[in-house]
Amino acid sequence: MDTLIEMRGVKKNFGDVVALRDGNFGLQSGEIHSIVGENGAGKSTLMKILYGLYPPDGGNITISGGGHTETLSSLSPKKAISHGIGMVHQEFMLASEMTVLENVILGFEPRKGIGIDRASAIAKIEEYGSAYNLGVRHGAKIRDISVGEAQRVEIIKILYRGANTIILDEPTAVLTPMESAKLFKILLSMKDGGKSIIFISHKLDEVMAISDRITVMRGGAHVSTLDRGKTSIPELARLMVGRDIFLGASPPQARPGKTVLEIDNIWVPGEKELSKLRGVSLGVKSGEILGIAGVNGNGQSELAEAIAGLRPIQRGSVRLLGRAVESDTPLARRRAGMSHIPEDRNITGLNRQTDMKDNFICSSFREAHISSHGLIDRGKAREAARARMETFDVRPCDPDAPAQSLSGGNAQKAVVSREMGYDAPFLLAAQPTRGVDIGSIERIRGELNKARERGTAILLISSDLEEVLALSDRIAVMYEGRITGILDICEANEENVGLLMTGHSAEDARDV
Ligand SMILES: Nc1ncnc2c1ncn2[C@@H]1O[C@H](COP(=O)(O)OP(=O)(O)OP(=O)(O)O)[C@@H](O)[C@H]1O
Ligand SMILES: [Mg+2]
């Protein structure tokens, strides 16, 4: 096979932070090549350099194609695009008020006289649709389409710009298992069509399923590049983290106490018809983890927002420690004993415009340990934030770092650390391990179990069924805005929870 891209000895610093000290990566034509590594290992930075978003501080990049080879010390996005390199970012970059078609052609509008040749653009979008399983509705607005469809739009957008090398940075972190399976079909058909693909993921089972080769990075450097057939998940995990990882350990038997959170018959308007809550009731006791399983979009996000006070409820009650809180503001609910790890670290979880310490003190700034005479003590705030960052190994452990400089997984770890640090009687944990590396998954799961041991009532919402099964004492399954069944962990398994997730009755599920 021909080598398309060769990155050698690539270096990149951000101030004092060394993001890459020895980035090496080679891509062959027509392969799917995965990159794995801990949060902050430098995966996104290396790929942003390849896409021309950052100039490297050292090293070189050799790009071959069309019969000639060029070695460069840096690229620009324009240059990358002219070499057929396209990137789908970790955080989507589509304009939500514009249509699919408008987003695809933005900046590359096909002209016909003085107007835009919409017909030829639509024909091209449809052509990609049938060639690579990339079905999208070109007239729909981005804000009305699912995450899976938005991602297909991102892929079409880069194909439209002529990409032959496609970089996907954690594309499956936000997808349901069904959508991920769909994406893999797309990747395989693009590979069959002669495209080369770079795939970043923390889900090692996906990496093992889809890749031809796998590159492991650690601490800003290349560790190893392996053939898929000659490695295994435990080996990859060990190379990434530098130690063995155990996710399977089962926690001791729960000793549930009194009910901490009680929801009674709540009705909540939804983002989509299927996701409006239609009379949800449940209770979470002190010292237990109640997991919510379900295919994304069946009301889980609405449920979390309704509990946190971010979405008004039409009917029903939410009681926290015996007190009705359904009309309270989010801050009042926090004061009443609630903490909340929101599913989206960038919108609800962090204020990206400020630094880490402000993000850590944002809802505890009135408390005695960081303020005196009504003023925030910056030094104390910094130390409080540093201590929380250390607990979850947020890298870099710098309270003055701007929030937007953190890598995706480190931002997630920071949000988890802040919320768990309140040690509130009730923790609402939505997708707590989204985008974090396997070592950090182990740590976060361990901390959730410790909080449960201390008597915290935890409501866990996760689209990862394996996670729900690994952590929960009881599992409630949501389907079309209702709870279709609640199973005790000792009777739950992938089959019966899966049946409830697809709308089967609790009776059907119990027979499995
Ligand atoms: N724009 C930036 N400003 C300052 N520091 C940055 C910036 N971008 C990245 N970094 C730092 O560089 C390091 C590597 O980050 P990068 O985003 O490449 O990691 P990653 O391997 O993609 O991690 P993740 O799995 O969490 O996405 C991190 O320590 C990060 O904090
Ligand atoms: Mg990243």
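Predicted model: local features only at pLDDT ≥ 70, side-chain atom pairs only at ≥ 80, totals over all residues.
Figure 1. Helix 8 (residues 233-241) gives the most to the side of domain 1 that touches domain 2, with 3 residues; helices (H or I, at least four residues) and strands (E, at least two) are DSSP runs, numbered from the N terminus. The count of salt bridges between the two domains is 1, the term meaning a side-chain nitrogen of Lys or Arg within 4 Å of a carboxyl oxygen of Asp or Glu. Arginine 395 and glutamate 38 meet through their side chains in a salt bridge, at 3.4 Å from N to O.

Figure 2. The chain is divided into domain 1 (3-241) and domain 2 (259-510), with bounds from an automatic or database domain assignment. Their contact, meaning heavy atoms within 4.5 Å, takes 20 residues from domain 1 and 19 residues from domain 2. Domain 1 and domain 2 bury about 1,400 Å² between them, 51% of it on carbon and sulfur atoms, where buried area is the accessible area (1.4 Å probe) that two parts lose on being put together, summed over both. On the side of domain 1, Asn39, Glu91 and Thr176 lose the most area to domain 2, together 36% of what that side buries.

**Figure 3. The surroundings of ligand 1.** Of the 22 residues around ligand 1, those that come nearest are Gly40, Lys43, Thr45, Ser407 and Gly409, a residue being near if one of its heavy atoms lies within 4 Å. A polar backbone atom of glycine 42 is 2.9 Å from an oxygen atom of ligand 1, while an N or O atom in the side chain of serine 44 is 2.8 Å from an oxygen atom of the ligand.

Figure 4. The side chains of arginine 213 and glutamate 31 meet in a salt bridge (2.9 Å, N to O). Arginine 213 belongs to strand 11 (residues 213-218), and glutamate 31, 182 residues apart from it, to the loop between strand 2 (17-28) and strand 3 (32-37).

Residues are numbered from 1 along each chain as its sequence is written, and chains are lettered from A and ligands numbered from 1 in the order in which they are written. Local features need pLDDT of at least 70, side-chain atom pairs count only at pLDDT 80 or more, and totals for chains, interfaces and linings use all residues, while side-chain values use heavy atoms, with hydrogens and water left out.

Note on methods: Polar contact = N/O pair within 3.5 Å; in protein donor to acceptor, adjacent residues only side chain to side chain.
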